[in-house]
Amino acid sequence: MTSPRVLDCEDIAWFRAEPEMPSAARGAAATLARRIGLEAYRSSEVALAVTEAATNLQRHATDGALLLRVLRTPDRAGVEFVTVDTGPGMADVEAALADGTSTAGTLGIGLGAVARLADVFDIHSVPGRGTVIAAQFWAREAMAERAGGQPSVASGLTRPISGETTCGDAWAVRVDPGTDHDPRSGALPPTSSPEPAILVMLCDGLGHGPMAALAGEAAVKAFRRSAARHPEGLLRDIHTALRGTRGGAVAVARIEPSAQRLLYCGIGNVSGVLLGPDSRNGLLSAPGIVGQQMRSLRTFELPLKPGGALVMHSDGLTERWKADDVPGLLGHTPAVMAGQLLREAGVRRDDAGIVVVKGAW
């Protein structure tokens, strides 16, 4: 089995749809592209695409925002932007992407040109609800080397509470390469396949602001460094790492594509949903605070259904969202799915975090 591909994400900043947004986002994008080593011409393309997207938001969207961040592989770095708005939506996305189509007041290159400049591009729009766009930009030689490769199976978004610049919610994903690939790995969960698996973690640091962010950062570091391969073992290592911090709500999942199963273990108010084309299964977490009070752990096992996705989010998103309200959601990339659900359910005044895994089974 081919090992699933995941990307590490480093969020840089959210830009709100205000008059100065296009120029601020353009400058930040150009600086970021140069900082990670993209050559001058590619950096200018990144800045142009970000400016077009930001101008569209500023002039035409309701409550729009743009996230700018770095994506990393073990030896490469790229730039991604994600835009999220709450309307008015597009009735005909294909027409909006057609050559020569550009709304008044933008740079005039149009979304179709933005899609061509990007190495990975996805857009999903629901009339009356909102639009999400995600676009990745890599060095041209990196994309040539990766031609035909698998896309990332996971992505997530975090957004701080209004008035804060840091977020207490954090997520991370890594691949367990399997026993045949890494003999130093810890023990497998009972009856597990030795084939590659995906491990995913979401932490909601208590409260918000810098102290909550420290808890989230500690959870991510512990998750990445742990040799554990079972959700319970990972949670115990994260519990140890969060001592001395505020602690938080944490959930960990193990996805085994070859065995067609999901293992899930959570403590506190992190919501997990195994979403299928015609189903929605909630995943339970036990009461407690990781880093402070964590009693007995229980791992739940569910079968994976083809065409589905795992969604995990903090209580900064309401649990009342319905996939039926976002037609076609499962047909899009994890980044766009995360953006649509953040738009749909991120209505509470709190830090918000969500991670989506799909396409691995």
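This is a short walk through the structure, stop by stop, with something to select at each one.

**Before you start**

You are looking at a predicted model, in which local features need pLDDT of at least 70 and side-chain atom pairs count only at pLDDT 80 or more, while totals for chains, interfaces and linings use all residues. Residues are numbered from 1 along each chain as its sequence is written, and side-chain values use heavy atoms, with hydrogens and water left out. Helices (H or I, at least four residues) and strands (E, at least two) are DSSP runs, numbered from the N terminus.

**Stop 1: the sheet that holds β1**

Select β1 (8-16) and β2 (65-72) to begin. They belong to an open sheet of 5 strands in the order β1-β2-β3-β5-β4, with antiparallel pairing; two strands pair if DSSP finds at least two bridges between them. β1 and β4 (120-126) each have a single partner strand, so one side of each has no neighbour in the sheet. On average, neighbouring strands here are turned by 15 degrees against each other, direction ignored.

Next, colour strand β3 (residues 77-84) and strand β5 (residues 130-137), an antiparallel pair with 6 bridges. To see one of these bridges, show Glu 80 and its partner in β5, Gln 136.

**Stop 2: the helices on this sheet**

Angles run from 0 to 180 degrees between N-to-C directions, and axes are lines fitted to C-alpha atoms, for helices over the stretch in contact. Contact means heavy atoms within 4.5 Å. Helix α2 lies across β2, β3 and β5, at about 10 degrees to β3.

Keep α2 (residues 40-60) on screen and select helix α4 (residues 110-117): their axes come within 10 Å and cross at roughly 145 degrees. The crossing of α2 and α4 is left-handed, a term used if the near helix is turned anticlockwise from the far one by less than a right angle. Which residues of α2 and α4 make the contact? From α2, show Arg 42, Glu 45, Leu 48, Ala 49, Glu 52 and Asn 56; from α4, show Gly 110, Leu 111, Val 114 and Leu 117. This contact set divides into 5 nonpolar, 2 polar and 3 charged residues. Here Ala, Val, Leu, Ile, Met, Phe, Trp, Tyr, Cys and Pro count as nonpolar, Asp, Glu, Lys and Arg as charged, and the others, Gly among them, as polar.

**Stop 3: two loop details**

Zoom in on Asp 63, in the loop between α2 and β2. Its phi is near 50 degrees, a positive value in a residue other than glycine. Then go to Pro 88, in the loop between β3 and α3 (93-96). The peptide bond from Gly 87 to Pro 88 is cis, with omega near 5 degrees. For background, most residues other than glycine have a negative phi, and most peptide bonds are trans.

**Stop 4**

Another open sheet of 5 strands runs in the order β7-β8-β9-β10-β13, with antiparallel pairing. Strand β10 (residues 261-267) is joined to β13 by 4 bridges; show Arg 261 with its partner in β13, Pro 303.

Helix α6 (residues 210-225) lies across β7, β8 (197-205) and β9 (248-256), at about 160 degrees to β8. Helix α7 (residues 231-242) also packs on the sheet, touching β7, β8, β9 and β10, and its direction makes about 150 degrees with that of β9.

**Stop 5: the largest pocket**

Select Asp 11, Thr 158, Pro 160, Cys 167 and Asp 169, which lie nearest the centre of the largest pocket among its 37 lining residues. A pocket is an open set of points on a 1 Å grid over the protein atoms alone, with protein on both sides within 12 Å along at least five of seven lines; a cavity is a set where a 1.4 Å probe fits but cannot get out, and lining residues have an atom within 4 Å of a point. The pocket volume is about 1000 Å³, volume being the space filled by probe spheres set on the points, which are joined across faces, edges and corners. β1 gives the most to this lining, with 8 residues.

**Stop 6: the largest cavity**

Finish with Leu 274, Leu 275, Gly 276, Ser 279, Asn 281, Pro 303, Lys 305 and Gly 308, which line the largest cavity. Its volume is about 40 Å³.
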